[in-house]
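Student: I have a new model open and want to go through it with you. Can we take it piece by piece?

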Amino acid sequence: MASKLLTRILEELGCISIYNSPLDTKLLCIQRFVRLFAYGGSTLILVSYLSALGISKSQIGLFMTLTLVGDVFISLILTLFADALGRKAILALGALLISASGIAFALSGNYWVLLAAAIFGVISPGGNEIGPFRAIEESVVAHLTPASNRSDVYAWYSLVGTAGTAFGIMTCGWVVNSLQSTKGMDNVSAYRMAYFGYAALGLVKFILACGLSKRIEADNKVPAKDDPATRPLLENEVGPKAAQKPKKSMLPSISKASKGIVVNLCILFALDAFASGLAPMSWVTYFFRQKFDLHEGSLGSLFFTTSIIAAASMLVASSIAKRIGNVKTMVFTHLPSAIALSLIPVPSSLTGAIVFLVLRSCTQSMDVAPRSAFLADIILPNERTAVMGAINVVKTCSQSIGPSITGILADHGLFWVAFVMAGSLKATYDLGMLAVFLGHETREEEEAQAEAAPTQTQSGESAA
């Protein structure tokens with residue numbers, strides 16, 4: 001009895017699914033932890049570092065915007081050609097770009113050099129995903145995982161990333177604090193040591209990427225309908241036309257049915273991403289430091305706690321999604337976090353602000369795994385990398401506008417407006433997802449209905 005109960009609990013938490021997943025899936029999760037660990041540490045100190053170099057808040061906001069715009073083009077090119085050039089090669093190249101950016105930030109204090117390193121390398125302004133990694137990795141996870149287990153695996157994939165951010169934030173905060181208090185380093189020198197660590201983590205990720213197998217590569221096969229009426233003709237056909245093989249294109253093809261879905265997704269995700277750009281973690285940490293005079297160690301501990309809460313909530317999301325569906329889970333968990341986000345700047349006390357920050361973290365990441373599973377379910381397998389890459393590009397474009405607006409608002413003493421705008425827009429996105437995609441059929445459901453239709457027709461004819 002006890003063993004059955006334990007097995008049931010492990011199934012609900014997705015532990016069995018991730019345990020039975022291929023080694024490549026586990027390596028991708030470890031890579032994501034390392035990458036988000038680096039992003040988390042960089043996010044904690046990015047605004048403070050640029051501010052210590054004498055850069056104004058408006059310029060810092062512009063810096064973040066241009067960084068995200070540069071990421072759009074890099075990610076678009078790499079994800080479009082990832083399946084043709086090799087997913088493993090693109091992931092390894094991205095890891096080297098992380099190291100290059102870290103070295104540039106550690107050695108230079110020039111605004112334009114840092115901007116170039118952020119644009120052409122990989123620096124996350126908000127502590128979340130940037131670069132081509134997520135689109136490729138999610139496509140690989142969908143490729144290697146049965147549809148019934150995807151929500152569980154995506155939940156652990158997301159949880160590992162959020163945990164990486166949490167540990168990165170706390171580690172960087174206390175390392176910087178220790179360098180300042182025990183080694184006597186000034187702020188700039190301590191921040192630069194942290195970016196040397198960022199570069200080292202890029203090399204760790206490169207080694208992990210090289211350990212992936214050939215199973216992660218795309219099949220490059222377009223599914224075709226098996227028509228018995230035409231099969232004999234095609235099999236018996238001979239001649240130059242039959243022997244001629246179709247040319248393999250470097251660019252992926254997207255079906256007409258998928259294009260309509262992608263357009264709706266891009267519009268809604270763009271709205272959510274713009275809201276996220278108004279309140280990225282870099283600005284939120286700076287808000288708490290400026291308003292409540294917290295040092296890096298305390299900031300690291302605070303955002304470590306909220307990130308761990310967010311990570312733990314992802315396991316609950318997978319269980320909820322199995323019962324009410326991915327779309328409802330996305331909306332009903334994300335909406336409360338949007339409301340809490342808009343209320344963070346309202347309290348004048350640190351305790352009050354932390355309460356709303358914690359309330360936001362309780363559900364802010366619960367929509368991530370269901371959203372990934374939903375995308376994998378409604379998009380054709382041979383289109384996943386390109387479509388997910390295109391959606392990420394749209395999200396990054398929209399997100400890139402936000403930091404500049406927040407920087408201008410902060411310079412004019414209106415920091416709080418950014419939080420209210422972000423929360424309101426995210427709530428609008430949630431309601432839009434519910435209105436457009438509630439009841440939308442997945443690819444598996446459409447195929448099941450298509451297979452059932454001829455059977456029902458034949459049964460009707462037999463009865464007649």
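Student: Which helix is Thr-165 found in?

Tutor: Thr-165 is found in helix H9, residues 150–181. Helices are DSSP runs of H or I with at least four residues, strands are runs of E with at least two, and both are numbered from the N terminus. Some ground rules: residues are numbered from 1 along each chain as its sequence is written, and side-chain values use heavy atoms, with hydrogens and water left out. This is a predicted model, where local features need pLDDT of at least 70 and side-chain atom pairs count only at pLDDT 80 or more, while totals for chains, interfaces and linings use all residues.

Student: Is Thr-165 buried or exposed?

Tutor: Thr-165 is buried, because its relative accessible area is 5%. Buried means under 20%, exposed over 50%, and partly exposed in between, with a 1.4 Å probe and protein chains only.

Student: How far is Thr-165 from Thr-43 in space?

Tutor: C-alpha to C-alpha, they are 9.1 Å apart. In sequence, 122 residues separate them.

Student: Next, where does Pro-132 lie?

Tutor: Pro-132 is in the loop between helix H7 (111–120) and helix H8 (133–144). Its relative accessibility is 3%, so Pro-132 counts as buried. Pro-132 and Asn-392 are 260 residues apart in sequence, yet their C-alpha atoms are 8.5 Å apart.

Student: Salt bridges now. How many does the structure hold?

Tutor: Five. A salt bridge here is a side-chain nitrogen of Lys or Arg within 4 Å of a carboxyl oxygen of Asp or Glu.

Student: What does Arg-371 form a salt bridge with?

Tutor: One partner is Asp-272, with the closest N and O atoms 3.8 Å apart. Arg-371 lies in helix H18 and Asp-272 in helix H13 (residues 256–278), so the pair ties together parts that are 99 residues apart in sequence. Both residues are buried. Arg-371 also meets Asp-367 in a salt bridge, at 3.2 Å from N to O.

Student: Why do Arg-371 and Asp-367 count as buried?

Tutor: Arg-371 counts as buried because its relative accessibility is 9%. Asp-367 counts as buried because its value is 2%.

Student: Which residues are linked in a network of salt bridges?

Tutor: Asp-272, Asp-367, Arg-371 and Lys-426.

Student: How many residues of helix H18 are buried?

Tutor: Eleven of its eleven residues, 368–378. Among them are Val-368, Pro-370, Phe-374 and Ile-378.

Student: Switching to H14 and H15. At what angle do their axes cross?

Tutor: Roughly 130°, and the axes come within 11 Å. H14 covers residues 281–292 and H15 covers 296–324. Axes are lines fitted to C-alpha atoms, for helices over the stretch in contact, with angles from 0 to 180 degrees between N-to-C directions. H14 and H15 are therefore oblique to each other. Angles under 35 degrees count as roughly parallel, over 145 as roughly antiparallel, 65 to 115 as roughly perpendicular, and the rest as oblique.

Student: And which side chain meets Arg-289 in a salt bridge?

Tutor: Glu-296, at 2.6 Å from N to O. Arg-289 is partly exposed, because its relative accessible area is 23%. Glu-296 counts as buried, because its relative accessibility is 4%.

Student: Last one: which residues form the nonpolar patch on the surface?

Tutor: Ile-103, Leu-107, Met-193 and Phe-196, with about 370 Å² of accessible area together. Helix H6 (87–107) and helix H10 (187–210) each give two or more residues to the patch. Patches are made of residues with over 30% relative accessible area and no salt bridge; like charges are joined within 9 Å, and nonpolar side chains (Val, Leu, Ile, Met, Phe, Trp, Tyr) within 5 Å. Areas come from the Shrake-Rupley method with a 1.4 Å probe, and for residues only the protein chains shown count as cover.
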